[in-house]
Amino acid sequence: MDNAVVAPAWSGDPAPPLLSVVIPIYNEQEALPLTVQRLRPILDGLSVSYEVVGIDDGSTDATPAIMQKIHQDWPEFRIVRFARNSGHQAALTAGIHRAFGDYVVSIDADLQDPPEKIPEMLSLAREQNLDIVYGVRGDRGTDTFFKRRTAGAYYWLMRKLVGKKMPNQAGDYRLLSRAAVDALKSLPEHQPVYRLLVPWLGFPSGEVVYVREERVAGSTHYPLSKMLRLAIDSITNFSASPLRLATWLGLLSFVLCFGLGVYTTVEYALGETVPGWSSLFIGMLFLGAVQLVCIGLLGEYVGRIYSAAQSRPAYFIGYDSAEDGRTRTSKVSEYVA
């Protein structure tokens, strides 16, 4: 990670906490208190040292004030605040990179993924010496029909790209060991998609199945546009298949045009040609569409090369309560370059 400011090292008690729970948070003033109400008794009951890392992704409602109040009442609740909104995956990256625990669990603040499964994840990882434990959605009955179908199509496509080692219906609710976290931090990914990167590591893994619940409060922060963006990022960041698709489209158009040329020659030889513009017009439209698709696919990859060459940070840290309230003067955080 060239030109990157390293995340703060553990400087508290003699040993870092065993468990870190990372929660990306954006405008969750209604859901966050309910999440803490359910999460704290579960973590207190584990009888292990822990921290909860709340990543404020540039919230514009009362979320920052609520997080500050939670921090005062719950010392284990740590606040990491972005200088501006940077997106869910950036918040997830910041939490994973800055967590101190030997095991790191990531979970959203909407309680669709039940925190009651965290003890089971931790127990499974420690008993079987696993580096990754996926939270797998066994039932998505609370989601709409459209979201279930689109999610099914996404996971089907991703498994085609990554292989069957990617668990079906596994989102960002997972447990990572310190070895897995260090491996992720070492990867030169500018726009990481952890749903693909984590299975790609190939570390020993297990699964915990749960029933996906309804959002506890507020509205979703993942509309169709963001879902499509995630799918595009997943494909272009992890596979060159779209470029091969452009090649196959070009070959298909060549075969069709060659066939049309043979047909026209035969018709001309038989004296049955009919003047007209339909076939020519359709052929031009087809070739133009193929060319635009190919240019668009190339543009996606060139855009990512350009973004990586700029080496801009994925996010800026404005405040981290683990640093005793001191604000970074440079406002620059570690990032994947």
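## Val52 and its neighbours

In this predicted model, Val52 touches Val21, Ile23, Leu39, Leu43, Trp74, Glu76, Phe77 and Arg78, leaving aside residues up to four places away in sequence.

Val52 also belongs to the largest nonpolar core, which holds 33 residues. Leu19, Val21, Leu43, Val52 and Trp74 touch the most other members of that core. Helix H4, residues 118–128, gives the most to this core. Its share is 5 residues.

## A second core

A separate core is made up of 28 residues. Phe82, Ala94, Val104 and Leu201 are among them.

## Helix H3

Helix H3 spans residues 88–98. Because 11 of its 11 residues are buried, H3 is largely enclosed by the rest of the structure.

## Ser59 in its loop

Ser59 sits in the loop between strand S2 (50–56) and helix H2 (63–73). Is Ser59 buried or exposed? Ser59 has a relative accessible area of 13%. The cut-off for buried is under 20%, so Ser59 counts as buried.

The side chain of Ser59 has two polar partners to note. One is the side chain of Asp56, at 2.7 Å. The other is the backbone nitrogen of Asn27, which the Ser59 side chain reaches at 2.9 Å.

Notes
Residues are numbered from 1 along each chain as its sequence is written. This is a predicted model: local features need pLDDT of at least 70, side-chain atom pairs count only at pLDDT 80 or more; totals for chains, interfaces and linings use all residues. Side-chain values use heavy atoms; hydrogens and water are left out. A nonpolar core is a set of buried Ala, Val, Leu, Ile, Met, Phe, Trp, Tyr and Cys residues joined through side-chain atoms within 4.5 Å. Buried means under 20% relative accessible area, exposed over 50%, partly exposed in between (1.4 Å probe, protein chains only). Helices (H or I, at least four residues) and strands (E, at least two) are DSSP runs, numbered from the N terminus. Contact means heavy atoms within 4.5 Å. A polar contact is a pair of N or O atoms within 3.5 Å; within protein, one must be able to donate a hydrogen and the other to accept it, and residues adjacent in sequence count only if both atoms are side-chain atoms.
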